[in-house]
Amino acid sequence: MSIPENLAAILARIDAARKVAIAPAPQTALVAIAKTVDEAGVREALNAGQRLFGENRVQEAQKKYPALKAQFPNLELHLVGPLQTNKVRDAIGLFDVIQTLDREKLADALAAEQDKGSKIPRLLVQVNTGEEEQKAGVFPRDAAALIAYARDKKLPVEGLMCIPPADDDAAPHFALLAKIARENGLSTLSMGMSGDFELAVKFGATHVRVGTAIFGTRAPVNDQEI
Ligand SMILES: *Cc1c(COP(=O)(O)O)cnc(C)c1O
């Protein structure tokens, strides 16, 4: 199947899942996760009408997107990988949404740029719902405090994101993320990947992040792949 065919099939599956969901979000957007996909692949998706893309590395995105963004002004780029504080300035210049705010130090670095007059991308707090030590994200019990911390600094926190443990049933993780969002008055929920995005729709996802089901299997990468 081609990239346009895959996109059409996934959009149809999102629609179908929304129709049978009891309480779907008002809208569910597809974020095409294009890490390791070359510029030609991203362009194919753009030509098929896809506009939301996600990347997990700042440097890779810096190479791929400036030209594409110039050609497609409504391309919306999401950072879905961990952000180091020394890359904050590069990231805010390129991404429209940062889905991986996960610690106070990063909030501090973003706030410092905001104080200097920079526009800060929309932010999602990444919650480590499975409390996996090696994984990024704030633990569920610390999420409210981090959200409050970022809000206190007037950062544009819009919602939450999670990556459930690979071997778990994702349902309780999606339910927990939705509960934390409700408790904190947040409306954006980024959850669900190629293997479980329909389940995420059922739990109220506003954004699903799908990579391999659109672009095919990724070449293995030798660093942390989340
Ligand atoms: C790679 C990645 C995805 C997409 O995963 P697939 O299983 O290829 O759909 C989603 N979210 C994040 C954070 C990722 O790094």
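Me: Is Glu 76 buried or exposed?
Reply: Glu 76 counts as buried because its relative accessible area is 17%. Buried means under 20% relative accessible area, exposed over 50%, and partly exposed in between, with a 1.4 Å probe and protein chains only.

Me: What kind of model is this?
Reply: This is a predicted model, in which local features need pLDDT of at least 70 and side-chain atom pairs count only at pLDDT 80 or more, while totals for chains, interfaces and linings use all residues. Residues are numbered from 1 along each chain as its sequence is written, and side-chain values use heavy atoms, with hydrogens and water left out.

Me: Which strand holds Glu 76?
Reply: Glu 76 is in strand 3, residues 76-79. Strands (E, at least two residues) and helices (H or I, at least four) are DSSP runs, numbered from the N terminus.

Me: And which side chain does Glu 76 have a polar contact with?
Reply: The side chain of His 78, at 2.8 Å. A polar contact is a pair of N or O atoms within 3.5 Å; within protein, one must be able to donate a hydrogen and the other to accept it, and residues adjacent in sequence count only if both atoms are side-chain atoms.

Me: Next topic. Where is Asn 128?
Reply: Asn 128 sits in the loop between strand 5 (122-127) and helix 6 (140-152). Asn 128 counts as buried because its relative accessibility is 1%. A polar atom of its side chain lies 2.7 Å from the backbone oxygen of Glu 132.

Me: Now the ligand. Which residues come nearest?
Reply: Of the twelve residues around the ligand, the nearest are Lys 35, Ser 194, Arg 209, Gly 211 and Thr 212. A residue is near if one of its heavy atoms lies within 4 Å of the molecule or strand in question.

Me: What does Ser 194 do there, in terms of distance?
Reply: A polar side-chain atom of Ser 194 is 2.5 Å from an oxygen atom of the ligand. For Arg 209, an N or O atom of the side chain is 2.8 Å from a ligand nitrogen atom. Gly 211 has a polar backbone atom 2.8 Å from an oxygen atom of the ligand.

Me: How much of the ligand's accessible area does the protein cover?
Reply: The protein covers 95% of the 390 Å² that the ligand has on its own. Accessible areas come from the Shrake-Rupley method with a 1.4 Å probe, and for residues only the protein chains shown count as cover.
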